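This briefing is meant to be read alongside the sequence and the coordinates. The notes below are grouped by topic.

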Amino acid sequence: MGKLGGFLQIERHGVPQRDPLERAQDYREFQLQRPVEELRDRLGLHRRGARDFLDALVALDLLDRDNDGYRNSAETDLYLDPAKPSYLGGMLEFHNRSIYLPWATLTEALRTGEAQTEFKDEEDQFAAVYRDPDRLTALLTAMSGYSAGSAIALANTFPWDRYQTFCDLGAAQGMVPVQLGLRHPHLRGVGFDLPQVQPIFEKFVADYGLSSRVTFSDGDFFADSLPPAQVYVLGHVLHDWGLDAKRSLLRRAYEALPEGGAVIVYEMMIDDERRTNAAGLLMSLNMLVLSHDGFDYTGADCQGWMAEAGFRESYVQHLVGPESMVVGLK
Ligand SMILES: C[S@@+](CC[C@H](N)C(=O)[O-])C[C@H]1O[C@@H](n2cnc3c(N)ncnc32)[C@H](O)[C@@H]1O
């Protein structure tokens, strides 16, 4: 299959409906080549590095080049054009703005065990970040880009036909509720998150035409009652917190579930031997530099905490790339 075939195939994965004329315009844009001089002018690049930079992007398959100039590769056009609803570059922007610098002092974090962010002295790091509306939007958008692949895999692999309701705890912008709602018209779901998240979640869900089946509930998942549901999802949430908090969230989910209910935890799950999933291990170091006591963990670790919480059975299943889910059944 050529690149355009891949492009069309990728596009079928639940992005909001577009006007056909707008899509034709997208396609014409996608075809346009830009000579190096034009790109230098538009991007304000100095002559010295411009060609190497653009050709490095060609070598990384992020741009295509022919005699007429450069254009986006099919995947770049779909996922890294901020004007498109399928844009997934929020996580790259978030890395640029909030993660790059804390990693520069990794040595300090390794020697002290302390977070390296500007909010490291604040007790609740999410509340600190959310004081700035730009950072709030940036974090939530970034999470959508990060979680899109797992959300689609989760919608396709879990036996959703056995359940009618779900609640995504720490739902951020709502990528998981949206993908579940798109793929399974019988499901009704709730995104549960801090109150600041509500307008961003509701707009995202409305853009996909799902507001009648996917709603928002605000609260603190450590203190407030959890909205009733047959399945709770905890995606990229447990790794933000220390061991006691991880256990407490699983216990709270267990207590709120009906008999026969399920909890799904998905994460860049470290392999049980802690040898091969480099992305999962690096993500755990990411939690070292970004959070007070967060860390990533293996599927077996999570299954152990689920058993302690009371779940009668659990299993680990791969989702996509370095991500897996652990399912606990009550
Ligand atoms: C790392 S993000 C994960 C987002 C999403 N589940 C995903 O996989 O993309 C963690 C989420 O937990 C939410 N959160 C943090 N503390 C919370 C609390 N005490 N109660 C409810 N939600 C909280 C944050 O607002 C954020 O949306």
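In this predicted model, helix 4 is followed by Asp 61, a residue whose phi is positive, near 65 degrees. Helix 4 itself covers residues 47-59, and its 13 residues should span 18 Å at 1.5 Å a residue, which agrees with the 19 Å that separate its end C-alpha atoms.

**Domains**
- The domain assignment of the protein chain gives two entries, domain 1 over residues 3-79 and domain 2 over residues 90-329.
- When the centres of domain 1 and domain 2 are taken over C-alpha atoms, 32 Å separate them.

**Ligand shell**
- There are 18 residues around the ligand, and those that come nearest are Met 143, Ser 147, Gly 170, Ala 172 and Gly 235.
- Sorted by class, the shell around the ligand consists of 11 nonpolar, four polar and three charged residues.
- Helix 9, which runs over residues 133-157, gives the most to this shell, with three residues.

**Packing of helix 9 with helix 10**
- The axes of helix 9 and helix 10, the latter formed by residues 175-183, come within 8 Å and cross at roughly 35 degrees, and the crossing is right-handed.
- On the side of helix 9, the contact is made by Ser 144, Ser 147, Ala 148, Ala 151, Ile 152, Leu 154, Ala 155 and Asn 156, whereas helix 10 brings Met 175, Val 176, Gln 179, Leu 180 and Arg 183.
- By class, the residues of this contact divide into eight nonpolar, four polar and one charged.

Methods. Residues numbered from 1 in each chain as written. Predicted model: local features only at pLDDT ≥ 70, side-chain atom pairs only at ≥ 80, totals over all residues. Near = placed C-beta within 6 Å. Helix = DSSP H or I, 4+ residues; strand = E, 2+ residues; numbered from the N terminus. Nonpolar A, V, L, I, M, F, W, Y, C, P; charged D, E, K, R; others polar. Domains from an automatic or database assignment. Expected span 1.5 Å × (residues − 1). Axes fitted to C-alpha atoms, helices over the stretch in contact; angles between N-to-C directions. Left-handed = near helix turned anticlockwise from the far one by under 90°. Contact = placed C-beta atoms within 7 Å.
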